[in-house]
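Hi there,

Here is the structure I promised to pass on.

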Amino acid sequence: MSDPARPVAVLVGPPGAGKTTIGRKLARRLDVPFRDADHLIEDAEGRSIPDIFATGGEPEFRRIEERVIGETLESFEGVLSLGGGAVLSEATRHRLRGLKVVHLTIGVAEGVRRSRGPGRPLLAGGDATARYQALLTERSPLYREVAWTTVSSERRSSGKVVADIVDRLESGDPHPRRRGRRP
Ligand SMILES: Nc1ncnc2c1ncn2[C@@H]1O[C@H](COP(=O)(O)OP(=O)(O)O)[C@@H](O)[C@H]1O
Ligand SMILES: O=C(O)C1=C[C@@H](OP(=O)(O)O)[C@@H](O)[C@H](O)C1
Ligand SMILES: [Mg+2]
């Protein structure tokens, strides 16, 4: 029997870390298909993420998100970027076990700056910095739990981040030493 299909990489991390941008570039670089869970949800539902939050609230969004990610992970062989809150689901974290999960990190100020706009209802209005900090406090242990490797996207171009991820995937080493360092 052949092995089950597996994604080449799954990107997790907080909003604005660059999962969608970097996932798309990583897939292009590896010449494999790209999917973004948020786009799959919008396609499956025929409505935008802000619309889903406005009608069914966060609980409905999370139910759809868990189902769409579960279905995708069953057969997808490419790069999959998740939404920032996908790891809140225990079932999703369970499904991510043993996969090449890349945790993209970003500092609070830059994360808030990059996630501005109407497309992210959880951070819209009010004190976005406090909300972002609370979200990181809740989720950081969950990102760490599922991560195969952790890569910072702070003050680094997306091209540099992609090159770093490709190195790790190709070497199979999630903790590469810094280049040029003596053994
Ligand atoms: N390495 C980077 N440096 C600067 N800006 C970036 C970087 N990666 C992504 N961005 C920008 O940050 C914003 C959020 O990126 P996005 O890929 O949507 O993040 P996520 O999917 O993690 O929420 C976009 O405007 C994108 O162009
Ligand atoms: O952090 C979150 O809970 C969310 C992040 C968003 O995705 P990005 O992380 O790609 O912005 C999107 O799934 C939704 O707005 C909820
Ligand atoms: Mg995204």
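Of the 183 residues in the chain, 31% are buried, a residue being buried if 20 or more other C-beta atoms lie within 10 Å of its own, exposed if 12 or fewer, and partly exposed in between, with C-beta atoms placed from the backbone. Please keep in mind that this is a predicted model, in which local features need pLDDT of at least 70, side-chain atom pairs count only at pLDDT 80 or more, and totals for chains, interfaces and linings use all residues. Residues are numbered from 1 along each chain as its sequence is written, while chains are lettered from A and ligands numbered from 1 in the order in which they are written.

**Overall fold**

The chain has 7 helices and 5 strands, taken as DSSP runs numbered from the N terminus (helices are H or I, at least four residues; strands are E, at least two). Starting at the N terminus, their order is β-α-β-α-α-β-α-β-α-α-β-α. The radius of gyration is 16 Å, which agrees with the value near 16 Å that a compact globule of 183 residues would have; it is taken over C-alpha atoms, and the globule rule is 2.2 Å times the number of residues to the power 0.38. Along the principal axes, the C-alpha atoms fill a box of roughly 55 × 45 × 25 Å. Among contacts with a separation of 6 or more, 76% join residues 24 or more positions apart (a contact means C-beta atoms, placed from the backbone, within 7 Å).

**The core**

The largest nonpolar core holds 31 residues, and Val 10, Leu 11, Val 12 and Leu 82 touch the most other members. Such a core is a set of buried Ala, Val, Leu, Ile, Met, Phe, Trp, Tyr and Cys residues joined through C-beta atoms within 7 Å. Strand 1 gives the most to this core, with 4 residues. Beyond its neighbours within four places in sequence, Val 12 contacts several residues, including Leu 82, Val 101 and Tyr 143.

**Around the ligand**

Which residues come nearest to ligand 1? They are Gly 18, Lys 19, Thr 20, Thr 21 and Arg 114, out of 15 around it (near means a C-beta atom, placed from the backbone, within 6 Å). Helix 1 (19-30) and helix 7 (158-171) each give two or more residues to this shell, and the largest share, 4 residues, comes from helix 1. By type, the shell has 4 nonpolar, 8 polar and 3 charged residues; Ala, Val, Leu, Ile, Met, Phe, Trp, Tyr, Cys and Pro count as nonpolar, Asp, Glu, Lys and Arg as charged, and the others, Gly among them, as polar.

**The UniProt annotation**

An unreviewed UniProt entry lists "binding site" at Gly 16, Ala 17, Gly 18, Lys 19, Thr 20, Thr 21, Arg 120 and Arg 156. They span 141 residues in sequence and the farthest two C-alpha atoms are 22.9 Å apart, so they do not all gather at one spot. UniProt positions follow the numbering used here, feature names are shortened, and annotations may be inferred rather than shown by experiment.

Gly 18 sits in the loop between strand 1 (9-12) and helix 1 and is buried, with 24 other C-beta atoms within 10 Å. Leaving out residues up to four places away in sequence, Gly 18 touches Leu 104, Ser 153, Ser 158 and Val 161. Thr 20 lies in helix 1 and is partly exposed, with 19 such atoms within 10 Å. Arg 156, in the loop between strand 5 (149-152) and helix 7, is partly exposed too, with 13.

Best wishes

Methods:
Two residues are in contact if their C-beta atoms, placed from the backbone, lie within 7 Å.
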